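Here are my notes for your first look at this model. Please keep the structure open and follow the points in order.

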Amino acid sequence: MLQFHRWLIYFILAHVTNAKSHYCTAKCSMKLHFDDDFQRRPECSERILSILCSVQITIQFNSQQIFIDFRTNVTGHIDDTYSLYAVQQLSHLFVSNYSSYKIIFDCVFANDCDWTYAKDIIQRFRNIDYVNIFDPLRTLLYDYSQKTNLKCYSQNESIDCSSGTCSSIVYDDNSMSKRLCINLTNQQHIGIDIRRFRTFPDSFIQGVNYDLYRCNRNLCNQPNIQTTVKSIIHDYASLWQISNPTQFVLNLTSRITVSNILSIIVLLLHFIL
């Protein structure tokens, strides 16, 4: 029995360093068109063991192109309280009608979690028509005449805004909102950004979720328009929510960590000694 215990300790110690490693796609980049199948290409065929799997996806709706950057051993955001970290931003520019979606996704919970989640995200977003979403917002917020002098709200009061651009940011938990006159030198940047952050399982890590827009209509950042914009965004809430990777069960209690292993070793030593 003593010999068995010693063998078990050696076995556990031999696997401590690999307790959190998973197979990930090695560092590479892929460019796809909306009509292309998502499958491994020669430039992204290598898989390596890494503590952290990471991928960044950018979808450009106007050109119908998808850019995928797989990254390994990058500085990540994962700790023992959660297995997946994701932050995404959807941007739309009113002048050029340009729309893009970007997500950065880090995971440690399964082999190829980066590849599988990238496939899910692309399937989910490339068939969405964003015209119906952003046209009502453009009507509220953008004036093609591009006035250089208008009124904006600065917090709770109306002021003259010589720069011709108002701004509003509303945080998703309604904890705070800001209304400003901003100095935007290039009105090509007038538009809206919708940012979301999440971990799985939910953790104490606090990310920033917000809806930000820049506009050039008189008083376009007043409180009632802020509320209307938020309502339109809420109508499509299922698009902004970061989806749980349904292919995997994210159960932290089943994850073997170094601290778990050391606890087992201490217990075995107690019985041996």
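1. Asp112 sits in the loop between strand E7 (98-107) and H2. This model is predicted, so keep that in mind throughout. Asp112 has a positive phi of about 60°, although it is not a glycine. Is Asp112 buried or exposed? Its relative accessibility is 16%, so Asp112 counts as buried; the cut-off for that is under 20%.

2. Look at Gln155, in the loop between E8 and strand E9 (157-161). Its phi is near 55°, a positive value in a residue other than glycine. Gln155 has a relative accessibility of 35%, so it counts as partly exposed.

3. **The chain overall.** The secondary structure of the protein chain comes to six helices and 13 strands. The chain has 273 residues, and buried residues make up 45% of them. Now take the contacts with a separation of 6 or more: 70% of them join residues 24 or more positions apart.

4. **Confidence.** The mean pLDDT of the protein chain is 78, and 75% of its residues reach 70 or more. Over residues 1-19 the pLDDT is below 50, and this stretch has 17 contacts in the model beyond near neighbours in sequence. Residues 247-272 also need care: pLDDT stays under 50 there. The model has 46 contacts for residues 247-272 beyond four places in sequence. Where pLDDT is low, the predicted coordinates should not be read in detail.

5. **The core.** How many residues are in the largest nonpolar core? It has 59 residues. Those with the most contacts inside it are Ile57, Ile68, Phe70 and Tyr130. Helix H2 (residues 113-125) gives the largest share of this core, seven residues. In soluble globular proteins, nonpolar side chains tend to be buried together.

6. **Phe70 up close.** Set aside residues up to four places away in sequence. Phe70 then touches residues including Thr25, Ala26, Lys27, Cys28 and Met30. Its partners also include Phe38, Cys44, Ser54 and Val55. Further along the chain, Asp114, Trp115 and Ala118 are among them.

7. **Cys44, a partner of Phe70.** Cys44 is found in the loop between strand E2 (28-33) and strand E3 (47-50). Its relative accessibility is 1%, so Cys44 counts as buried. Leaving aside neighbours within four places in sequence, Cys44 is in contact with Thr25, Cys28, Ser29, Met30 and Phe70. Cys44 and Ala26 are 18 residues apart along the chain, and their C-alpha atoms are separated by 6.9 Å.

8. **Two helices side by side.** Helix H3 (residues 131-141) and helix H4 (residues 223-235) have axes that come within 10 Å and cross at roughly 175°. That makes H3 roughly antiparallel to H4, because angles over 145 degrees count as such. Which residues meet? Ile133, Pro136, Leu137, Leu140 and Leu141 in H3 meet Ile225, Thr228, Val229 and Ile232 in H4. By class, this contact has eight nonpolar, one polar and no charged residues.

9. Tyr142 is found in the loop between H3 and strand E8 (150-154). Tyr142 is buried, with a relative accessible area of 2%. Beyond neighbours within four places in sequence, Tyr142 is in contact with Phe94, Val95, Ile190, Asn216 and Arg217. Tyr142 and Gly191 are 49 residues apart in sequence and 8.1 Å apart in space, C-alpha to C-alpha.

10. Arg217 lies in the loop between strand E13 (210-215) and H4. Arg217 is partly exposed, with a relative accessible area of 31%. Not counting residues up to four places away, Arg217 touches Arg138, Thr139, Leu140, Leu141, Tyr142, Asp143, Leu150, Lys151 and Cys166. The C-alpha atoms of Arg217 and Leu141 are separated by 5.9 Å, yet the two are 76 residues apart along the chain.

11. **Lys147.** Lys147 has its place in the loop between H3 and E8. At 35% relative accessibility, Lys147 counts as partly exposed. Leaving aside neighbours within four places in sequence, Lys147 is in contact with Gly164, Gln187 and Asn218. Lys147 and Asn216 are 6.9 Å apart in space, C-alpha to C-alpha, and 69 residues apart in sequence.

Key. Residues are numbered from 1 along each chain as its sequence is written. This is a predicted model: local features need pLDDT of at least 70, side-chain atom pairs count only at pLDDT 80 or more; totals for chains, interfaces and linings use all residues. Side-chain values use heavy atoms; hydrogens and water are left out. Axes are lines fitted to C-alpha atoms, for helices over the stretch in contact, and angles run from 0 to 180 degrees between N-to-C directions. Helices (H or I, at least four residues) and strands (E, at least two) are DSSP runs, numbered from the N terminus. Angles under 35 degrees count as roughly parallel, over 145 as roughly antiparallel, 65 to 115 as roughly perpendicular and the rest as oblique. Contact means heavy atoms within 4.5 Å. Ala, Val, Leu, Ile, Met, Phe, Trp, Tyr, Cys and Pro count as nonpolar, Asp, Glu, Lys and Arg as charged, and the others, Gly among them, as polar. A nonpolar core is a set of buried Ala, Val, Leu, Ile, Met, Phe, Trp, Tyr and Cys residues joined through side-chain atoms within 4.5 Å. Buried means under 20% relative accessible area, exposed over 50%, partly exposed in between (1.4 Å probe, protein chains only). pLDDT is the predictor's confidence in each residue, from 0 to 100.
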